[in-house]
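Here are a few friendly notes to read alongside the structure. Take them one at a time, and keep the picture open as you go.

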Amino acid sequence: MRGPQVPEYIRKLAVYVPGKPIEEVERELGVSDIVKLASNENPLGPSPKAVAAVKAALPTLHRYPDGSGYALRKALAARHGVDIEQVILGAGSVEIIEMLARAFMADGDEAIFSQQSFVSYQLAVNQVNGRAVTAPATSGRGHDLPALARAVGDRTKLIFLANPCNPTGTYFARSELDRFLVEVGDRALVVVDQAYHEYVTRPDYPDALEDVKAGGHVIVLRTFSKVYGLAGVRIGYGIASADVMATVNRVRSPFNTSSLAQVAALAALDDYDWVRGSREHNLKELEYLQGELRRRGVPFTPSVTNFVLVEFWANIGELFLAFQKRGVIIRPVGGPGLVNCGRVSVGTRAENARFLAALDELVPGRTGV
Ligand SMILES: Cc1ncc(COP(=O)(O)O)c(C=O)c1O
């Protein structure tokens, strides 16, 4: 290696491997009708209001975006009943996860999260030479909140809670969160990642925005990548106290969200029809997908989100390729307690049927179910 030595913790970083783009798989296989159920996107597409707003903004592309994202932050603050200083934008909520690690963690500081939760927490902690402390999931693949609370120590700076959780599709209830927050108190900043919250219909599902408003040491993360259908423009947001935000803003790069992302999100925020339609579609298709898996005796973790964690019967790497050969991209999942698991996003009815048809070809002894 030429030039200055790369720090050990940077050399050890694993590069994030995203799901392959549809175009790449189509090129490799020489086919043109690939179904991608790997990244929990909105299968119905982007909010039409967002598309119109992006088109209208194209002639201004020579200008830098508003670095503070004022109009969008103002709209989000009004929507959620908080001050504009309490809102931060990110190029996807992933960028906010990374900003939090940069802002709050020094060498050797700790962040806590559930073993079966979102992979970006680990990556963000690694990037700042922090230490990840994990607790195993419950037998139902949920967060073991008492165990996570017990793991808090002198060097704990952040606790990441994915609710609902990716890749498991599980959620924890208001009463559990209340107990957890009392136990942790102000000893660490609790990051409640609600990327999928719009999909949840359970009455005991907690919106941690209430905890921010009640003065808890909590930041809530949301995204426009899921129900709003804007994963491609990269925009998410966080809400916390103005104090927390003042710290996070110190590590935010000046123009971190693009002008197109800002106008798209602003328009999508008011696209109630799109959000309602997307949620209804998801509920119906999630029920269909889970019902069909149950009927086939293929085990899965019941989901409150727009994806299902499936326990496959054979090596997930090989099955992934076998699905891909049949034109269906799923997401292999690894890690403790997730051997041979794969995540399947809820698609359109036709896409879900394609997945099930491929499944039927692959389930041993079950061809033609
Ligand atoms: C739990 C969770 N949090 C955050 C994100 C990040 O989404 P984005 O960076 O697109 O906002 C995802 C995306 O899959 C997720 O599953």
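1. A word on terms before we look at a helix pair. An axis here is a line fitted to C-alpha atoms, for helices over the stretch in contact, and the angle between two axes runs from 0 to 180 degrees between N-to-C directions. Two packed helices are described by that angle and by the distance between the axes. Please keep in mind that this is a predicted model.

2. Now the pair itself. Helix 4 (residues 70–80) packs with helix 11 (residues 259–269) at an angle of about 25°, and their axes are 9 Å apart. Angles under 35 degrees count as roughly parallel, and therefore helix 4 and helix 11 are roughly parallel to each other. Their crossing is left-handed.

3. Which residues make the contact between helix 4 and helix 11? From helix 4 come Ala 71, Leu 72, Ala 75, Leu 76 and Arg 79. Helix 11 brings Gln 262, Ala 265, Leu 266 and Leu 269. Sorted by class, the contact has seven nonpolar residues, one polar and one charged.

4. On to the cysteines. A disulfide is a covalent bond between the sulfur atoms of two cysteines. How many disulfides does a search of the whole structure find? The search finds zero. Cys 165 is in no disulfide, and the nearest cysteine sulfur, that of Cys 341, is 12 Å away. The cut-off for a disulfide is a pair of sulfur atoms within 2.5 Å. Cys 341 is likewise in no disulfide, with the sulfur of Cys 165 as its nearest cysteine sulfur.

5. Are these cysteines buried or exposed? Cys 165 has 0% relative accessibility, so Cys 165 counts as buried. Cys 341 counts as buried because its relative accessibility is 0%.

Note on methods
Residues are numbered from 1 along each chain as its sequence is written. This is a predicted model: local features need pLDDT of at least 70, side-chain atom pairs count only at pLDDT 80 or more; totals for chains, interfaces and linings use all residues. Side-chain values use heavy atoms; hydrogens and water are left out. Buried means under 20% relative accessible area, exposed over 50%, partly exposed in between (1.4 Å probe, protein chains only). Helices (H or I, at least four residues) and strands (E, at least two) are DSSP runs, numbered from the N terminus. Angles under 35 degrees count as roughly parallel, over 145 as roughly antiparallel, 65 to 115 as roughly perpendicular and the rest as oblique. A crossing is left-handed if the near helix is turned anticlockwise from the far one by less than a right angle, and right-handed if clockwise. Contact means heavy atoms within 4.5 Å. Ala, Val, Leu, Ile, Met, Phe, Trp, Tyr, Cys and Pro count as nonpolar, Asp, Glu, Lys and Arg as charged, and the others, Gly among them, as polar.
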